[in-house]
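Morning, everyone. Have a look at the model on the screen.

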2 protein chains.
Amino acid sequence: MATEFDLIKRFFSRPVSAGLLGGGDDCALFGVTPGLQVATSTDLLLEGRHFFSDVDPRSLGHKALAVNLSDLAAMGARPLGCLLGLGLPAIDEAWIEQFAEGFYALADQHGCALIGGDTTRSLQGITLSVTVFGEVEPNLALRRNAAQVDDDIWVSGVFGAADIACRMLAGEIPLDAALLQATRSALEWPAPRIDLGQQLRAHAHAAIDVSDGLLQDLGHILAASGVGAELQEQLLPMHPALSGLPQHALPPEVLQRAVLAGGDVYELCFTAAPAQRAALEKIGSALGLTLSRIGSVRAEPGLFVYDEARNIIPDLPRGFDHFRP
Amino acid sequence: MATEFDLIKRFFSRPVSAGLLGGGDDCALFGVTPGLQVATSTDLLLEGRHFFSDVDPRSLGHKALAVNLSDLAAMGARPLGCLLGLGLPAIDEAWIEQFAEGFYALADQHGCALIGGDTTRSLQGITLSVTVFGEVEPNLALRRNAAQVDDDIWVSGVFGAADIACRMLAGEIPLDAALLQATRSALEWPAPRIDLGQQLRAHAHAAIDVSDGLLQDLGHILAASGVGAELQEQLLPMHPALSGLPQHALPPEVLQRAVLAGGDVYELCFTAAPAQRAALEKIGSALGLTLSRIGSVRAEPGLFVYDEARNIIPDLPRGFDHFRP
């Protein structure tokens, strides 16, 4: 039977670049460009809570790293490296090999070397912890508390698909095979907006990545900045698989909740002065990434969403609370 | 009912020093002294696997950080900060408060600020992940691959108590209340040897912390350095609660296994040239910490333990394999 050390050696010991000391010592070592700060984030992902037991291990490897890289993106940081904690109920080598493939493919894409970690046997379910490190100029990091009154509010990408796919897989809404196929990659293969985050440093005030739902995550920016906001519902970019659905295919409140409160999006929500509009549109075009202006920062506290008739939408859906049963 | 955000705010949002950005943004930020490298390590601790369900939450908070600080110690790094991932089956505020107390007390002692993390509800059992950061001069970091032939092999502290306490609590050996009382703190309140690690940089060649058992962890140094070693059993420093036991209180093989293969020790094992003996003894005295010379590095591969009659002890016990059922 393979031991922990065989396992690490076999699947998680790819060579790392100069300047880094990878797994195989008590600590991993990495250097930082003088004058820059280290940005770091960690996420815990638990089977049955953050992913389904039968998830494709490649996509799980991808996503475990993606959700952390997304935090670096939201800070405007350049990835340096990462650590992986892996608790497994048993050794399934094919599973681990595929997980490692998905993880390394995304790590390579962003120059984020896996430099260390921890593996252990778990008694129940797969447990993952990923920690990422990046570097960023201290004064240019995109903070949550930097939104200014009259800033535009922007989001990258399109919304709603991950939530709909997740609810279909969980049996909360009826399974539609075509719709699942069209939305599933949003849930399982999110693309962290690293390039966008680095370009935003010079143009945006505040930024956050949307992991717990747009309203909730934007709410963190507003609370930290001591401001309010209004959004226009018709400006919210809905995933084409959802906006193209025939009427009554899904109840309108399910779609509204998916866009406004659906988690697991990993797009960026950011605020910038109106003078930055042309520059931001150019950045979006260059990256091939839709950037949508969805509302404005206001001095009055509160977050209001208006419909096309300019009425405030009441009873907005809430985002994800990690301690909700 | 408290939400995730209430919980973070209430128990894990102590102010951090200047130069650090703590929890409450997508990433935590920290600075590094120019010219130094970042040393980092992460550990995953799972209920029922790494700690008992009824463990004192203060000691669990202490130990979750201690085992990671011990990796910084083994590298000779100075602690800078840490991240905490906390997966809890339910919100028990008294439990969390005590856990936070134990964690922060040790963090404060070593100037290792808690700068970020992740909290989530777990479906089964408590899940902890801790990541620590320190800084170290790249050329002085204590690597595993730096042992030299004829180096002395040293250990800090005393051995065996954590293993005996753990086996009593697990019901593997008979429970003796007095012995449990005398050994339990070694298991639940290990002291990371941060000060020793920093002083060793100028005197030791290779170092490791003993988490999986002395023979196994020393074996990692030997394998990485391409050398062998011999140890003298009578030089191994046994915890006084064990060396003072009446004969037959515990079978000799249980004591031998506790010392040679018992995990969870968090003392340092290191190698240094014989010319360093006086300097190392002085360091031990100044720190009030027993440093014991237990053997020597040899060119011939293999790790041999000799008894007082100068016979090689056969069938040595193995250390902890994280994937053993």
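How many residues does the contact take from chain A and from chain B? It takes 56 residues from chain A and 56 residues from chain B. Keep in mind that this is a predicted model.

Next, the elements. On chain A, the side that touches chain B draws two or more residues from each of these:

- helix H1 (4-11) and helix H2 (57-75);
- strand E2 (28-30), strand E3 (37-46) and strand E4 (78-88);
- strand E5 (113-121), strand E6 (127-136) and strand E8 (206-209).

Which one gives the most? That is E3(A), with nine residues.

To find the spot, look for Ala39(A): it stands opposite Leu29(B) in E2(B).

Last topic, symmetry. How is chain A laid on chain B? A turn of 180 degrees does it, with a shift of 0.0 Å along the axis. The RMSD is 0.0 Å. The two copies are therefore related as by a two-fold rotation axis.

Where does chain A come closest to that axis? At Pro34(A), whose C-alpha is 2.8 Å away. And both copies use the same surface: 100% of the contact residues of chain A recur in chain B.

That's my part. Over to you.

Methods:
Residues are numbered from 1 along each chain as its sequence is written. Chains are lettered from A and ligands numbered from 1 in the order in which they are written. This is a predicted model: local features need pLDDT of at least 70, side-chain atom pairs count only at pLDDT 80 or more; totals for chains, interfaces and linings use all residues. Two residues are in contact if their C-beta atoms, placed from the backbone, lie within 7 Å. Helices (H or I, at least four residues) and strands (E, at least two) are DSSP runs, numbered from the N terminus. Two strands pair if DSSP finds at least two bridges between them. Copies are superposed by least squares on the C-alpha atoms of residues with pLDDT of at least 70 in both.
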